Amino acid sequence: MEKRQTKKFKLLWIVTLLPLIITAAAIPFMQDKVPMHYDFNGNIDRWGSKYENFIFPVIIIILSIFWQCFINHFSKKQSADLPDKTRKEAASNEKAIYIIAVAMTAMFCVIQCSILYSSCQASKNIISLTPGFYRATNILLGIFIIIIANFIPTVKRNSFLGLRTIWSMENDQTWLDSNRFCGKLMVIAGIAIIIETFFIEGLASVIVMTGIIIAASIVCVIYSYYSYKKYK
């Protein structure tokens, strides 16, 4: 068990520390002042020190610490003196959380690389984000949503992960039914986000992407109430 956990954490922390290492390698090639924020049209509206690029990698590290705490929590439950059902649920949740943690961290790594690329491009007097930046970000987010959606139905009832509403948390049946529906709907949402980004560009694509996520989330919550009424 301990060897397996060590290998898991090695992969998670390699992906976690990669943005920090890449940032440290890219800093010498940047100007002292680089783009730090963009307006709704993708134009630079704030410049800052190139060392501000270290903020996001630090946030990624903090998030990974929380992920590791969650994984350890379910790992300890597997070896505790608990019913077999509880230990099996803990093992399932540990696996799902680990995969989601690695996928999310990898996505953040790609985003950080995109940010660094924009900062380096500032030396070429490029003052706005290219349409490709929005497209790449949306596609990446769509893929991440699909990955998460495939593991949501496998997560057992818990207080950390999954579709957690007062209705879905009512019992194991409402939890399973609600999260299966949520997983399927989120796969569709992820695919829709990837498709729309090839037809809609710039800020409009981001707005549509946000709308898809909000709409899918609302439908999931409504369905959890329907499931509650069905299995109550």
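This is a predicted model: local features need pLDDT of at least 70, side-chain atom pairs count only at pLDDT 80 or more; totals for chains, interfaces and linings use all residues.
Of its 232 residues, 39% count as buried.

I then listed the secondary structure. I found 6 helices and 2 strands in the protein chain. Along the sequence they follow the pattern α-β-β-α-α-α-α-α.

Residues 24 or more positions apart account for 70% of them.

**Helix α6**

I checked the length of α6, residues 202-231. At 1.5 Å a residue its 30 residues should span 44 Å, and I find its end C-alpha atoms 44 Å apart, so the two values agree.

I also noted which residues of α6 are buried. They are Gly-202, Ser-205, Met-209, Ile-212, Ala-216, Cys-220, Tyr-223, Ser-224, Ser-227 and Tyr-228. For reading such a list I keep in mind that an α-helix has 3.6 residues a turn, so residues three or four places apart point the same way.

**Second largest pocket**

I looked up the second largest pocket, which holds about 210 Å³ of space. It is lined by 13 residues, and those closest to its centre are Trp-67, Ile-148, Phe-160, Leu-161 and Gly-162. The elements that give two or more residues to this lining are α2 (55-79) and α3 (84-121). I recorded the largest share for α3, with 3 residues.

I sorted the lining of this pocket by class. The count is 11 nonpolar, 1 polar and 1 charged.

**Met-30**

I asked where Met-30 sits. Its place is in the loop between α1 (2-26) and β1 (33-38).

Is Met-30 buried or exposed? I put Met-30 down as buried because its relative accessibility is 7%, and the cut-off for buried is under 20%.

I then looked for its neighbours, leaving out residues up to four places away in sequence. Met-30 touches Lys-50, Asn-53, Leu-116, Ser-119 and Cys-120. I also took one distance across the sequence: the C-alpha atoms of Met-30 and Tyr-117 are separated by 9.7 Å, with the two residues 87 apart along the chain.

Key. Residues are numbered from 1 along each chain as its sequence is written. Side-chain values use heavy atoms; hydrogens and water are left out. Helices (H or I, at least four residues) and strands (E, at least two) are DSSP runs, numbered from the N terminus. The expected span of a helix is 1.5 Å times one less than its number of residues. Buried means under 20% relative accessible area, exposed over 50%, partly exposed in between (1.4 Å probe, protein chains only). On a 1 Å grid over the protein atoms alone, a cavity is a set of points where a 1.4 Å probe fits but cannot get out, and a pocket is an open set with protein on both sides within 12 Å along at least five of seven lines; lining residues have an atom within 4 Å of a point. Grid points are joined across faces, edges and corners, and a volume is the space filled by probe spheres set on the points. Ala, Val, Leu, Ile, Met, Phe, Trp, Tyr, Cys and Pro count as nonpolar, Asp, Glu, Lys and Arg as charged, and the others, Gly among them, as polar. Contact means heavy atoms within 4.5 Å.
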